[in-house]
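Got your viewer open and a selection tool at hand? Load the model below and follow along, one stop at a time.

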Amino acid sequence: MLHFATSVHRDMDWLVFLIGGHSATGKTTTAERIGLSLGVPWMMVDDLRLAFQRAGATLPSGTEALYFDKQPHFWRRTPEEQCDALIDVGEVMSAPLEVVVENHVDQSVPIVIEGDGILPSLLSRPPLLERAASIRAAFLVEPDESALLATLVARGGSWVVGRTQEELQAEAHGKWMFGQWLAAEASRRNLSVVESRPWDTLSERLMELVSRRTPSDGQGD
């Protein structure tokens with residue numbers, strides 16, 4: 001679940017760096033690069049979500065959203081429904097993520113955490129507000145829907161195989177809508193929103209941001 005860098009982390013004024021955003025914005029690659037550069041571990045939120053799914057864990061009522069992609073013909077649903085499902089997943093993941101962030105701050109163990117399950121509202125949860133001085137956050141977006149679709153198609157694999165063009169376009173539009181929602185919610189809470197392109201400077205831009213960014217205030221409800 002955790003990926004460890006080999007060097008000793010530099011002197012930093014934060015302990016947790018959260019990188020949210022919709023699919024195909026470079027979150028995973030960027031988290032790895034930042035982790036290696038700073039010498040701190042990085043973690044994918046999908047590790048937690050998939051662990052809940054595949055381990056057959058008994059989850060509390062109201063967490064059914066974690067299984068959204070297992071529902072029959074889910075990807076044939078409207079983009080609006082797919083966007084809502086991604087928001088629901090983030091809401092469910094907020095409680096376990098809160099525990100992870102809280103623990104790393106309290107144990108003084110730095111970490112970079114990335115995933116589309118990170119919602120801006122996570123920073124407004126009371127335990128994280130109490131630890132805001134040690135937390136940084138940024139949300140990556142692709143404002144060009146056609147570019148997002150092209151990136152997703154270029155990934156190939158199971159995302160493309162057996163899918164119709166209409167299904168691919170609907171899913172890309174749902175993810176784009178989710179990105180727009182994330183950007184609006186992050187801005188409302190005074191959290192950083194960063195365009196993913198150009199790819200070759202993304203890691204450097206986030207490194208600069210996290211080095212000068214004031215503590216995440218998580219304002220708003």
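Start by selecting A24, in the loop between β2 and α1 (27-38); helices (H or I, at least four residues) and strands (E, at least two) are DSSP runs, numbered from the N terminus. A24 has a phi near 65°, a positive value in a residue other than glycine. Most residues other than glycine have a negative phi, and most peptide bonds are trans. A24 is also buried, with a relative accessible area of 4%; buried means under 20%, exposed over 50% and partly exposed in between (1.4 Å probe, protein chains only).

A word on what you're looking at: this is a predicted model, where local features need pLDDT of at least 70, side-chain atom pairs count only at pLDDT 80 or more, and totals for chains, interfaces and linings use all residues. Residues are numbered from 1 along each chain as its sequence is written, and side-chain values use heavy atoms, with hydrogens and water left out.

Now zoom out and colour by secondary structure. Of the 221 residues, 50% are buried. Contact means heavy atoms within 4.5 Å, and among contacts between residues at least 6 apart in sequence, 78% join residues at least 24 apart.

Next, select strand β4 (residues 111-114) and show its side chains. I111 and I113 point one way, V112 and E114 point the other way, and all are buried. In a regular strand the side chains alternate between the two faces of the sheet.

Strand β2 (residues 16-21) runs parallel to β4, joined to it by four bridges. Strand β3 (residues 42-44) is parallel to β4 too, with three bridges. Which residue of β4 is the bridge partner of F17? Click on V112, which is also the bridge partner of W42.

S108 is another one for your phi list: it isn't a glycine, yet its phi is positive, about 55°.

Time for helices: pick α2 (residues 45-54) and α3 (residues 79-106). Their axes come within 11 Å and cross at roughly 110°, the axes being lines fitted to C-alpha atoms, for helices over the stretch in contact, with angles from 0 to 180 degrees between N-to-C directions. That makes α2 roughly perpendicular to α3, a label covering 65 to 115 degrees (under 35 is roughly parallel, over 145 roughly antiparallel, the rest oblique). To see who touches whom, show V45, L48, R49 and F52 in α2 against V89, M93, P96, L97 and V100 in α3.

Hop over to V160, in the loop between α5 (145-155) and α6 (165-188). V160 is partly exposed, with a relative accessible area of 27%. Leaving aside neighbours within four places in sequence, V160 is in contact with V153 and L168.

Follow the chain into α6 and check its length. At 1.5 Å times one less than the number of residues, its 24 residues should span 34 Å, which agrees with the 35 Å between its end C-alpha atoms. Just after α6, N190 has a positive phi of about 60°.

Last stop: P198, in the loop between β6 (192-195) and α7 (202-212). Look at the peptide bond from R197 to P198: this one is cis, with omega near 5°.

Note on methods
Two strands pair if DSSP finds at least two bridges between them.
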